[in-house]
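Colleague: I would like to learn how to read the packing of helices in a model such as this one. Could you take me through it step by step?

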Amino acid sequence: MPLHLDNFRNQPPITVIKDTDIAGLSDFKRKLERLFFSKVVIRNSATDGQIVKLVVEISCNFDLAEGLVNLDQGIWAQAKKSAEHVFRDSKFFNLVNDLREQNDFAIDVEEFSIVFNDCNVIVNKIYDGSIPEQLDAILTKLSAHFVHLAKDEIELPFEVFIPIFEEQKKSGDIESTVPMNSEKDQLTRKDYFNFWGLYFYSEDDGLIYTLESKSISSGELNMLNE
């Protein structure tokens, strides 16, 4: 029997969701664990109007490189291999959709993190339903760009944040900036594939990875906030 949104009203902003809090959650987690060869923790990022926001953490006991090799071979994540299309019939999209259909309140994925032994990959929501729709395309792009993510062709990042945005500089500012639109209601699927944030142990601040030029540069990183 579906539960009600009131179950989440007075919870702290980030809490682990019990399997009994959302109808079908235990089955959702079990299928995710099989899909990603992982342990899964699902948290609640509070409610926004009539939407329950899920923060999904996938913990894998292998390195990022191994995961991407298995991705390319169709073993891990079973992602559709394209970064050019929205997938509304992918494995992950269907799992989220099944979860939504079992409940009488709206559910969306606010953040999806994959914790590898050597690197964390964090995907942030940029519009309603963006992560379920775009996860396969994002993983495909990650695999295609993996060899370019190493700093000085040696050091791999310990965290990849997808996507990032830089605010436009006001007229008259002499500092250059990458022209990006950070208005959330104007974002589209392509905004996942412009700029990513990379964090290295050798750097105090995060660096910007530009997908078009396959280059790493310094600059002020901004994550998209509600």
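Colleague: What covers the buried residues of helix 3?

Modeller: In this predicted model, the cover over the buried residues of helix 3 includes helix 1 (25–36), strand 3 (51–60), strand 4 (106–115) and helix 4.

Colleague: Which residues of helix 3 are buried, and how are they placed around the axis?

Modeller: The general idea is that an α-helix has 3.6 residues a turn, so residues three or four places apart point the same way. In helix 3, which spans residues 91–101, the buried residues are F92, F93, L95, V96 and L99. Because they cover an arc of only 165° around the axis, they lie on the same side of helix 3.

Colleague: How is the packing of two helices described?

Modeller: Two packed helices are described by the angle between their axes and by the distance between the axes. Here helix 2 (residues 64–72) packs with helix 4 (residues 130–145) at an angle of about 115°, and their axes are 10 Å apart. The crossing of helix 2 past helix 4 is left-handed.

Colleague: Which residues make that contact, and what are they by class?

Modeller: Helix 2 contributes L64, L68, L71 and D72, while helix 4 contributes L139, T140, L142 and S143. By class, five residues of this contact are nonpolar, two are polar and one is charged.

Colleague: How many disulfides are there, and are C60 and C119 buried or exposed?

Modeller: With a cut-off of 2.5 Å between cysteine sulfur atoms, the count of disulfides comes to zero. C60 counts as buried at 5% relative accessibility, and C119 is buried with a relative accessible area of 2%.

How values were computed:
Residues numbered from 1 in each chain as written. Predicted model: local features only at pLDDT ≥ 70, side-chain atom pairs only at ≥ 80, totals over all residues. Heavy atoms only, no water. Axes fitted to C-alpha atoms, helices over the stretch in contact; angles between N-to-C directions. Helix = DSSP H or I, 4+ residues; strand = E, 2+ residues; numbered from the N terminus. Left-handed = near helix turned anticlockwise from the far one by under 90°. Contact = heavy atoms within 4.5 Å. Nonpolar A, V, L, I, M, F, W, Y, C, P; charged D, E, K, R; others polar. Buried < 20%, exposed > 50% of the residue type's maximum accessible area, 1.4 Å probe, protein only. Arc of directions from axis to C-beta.
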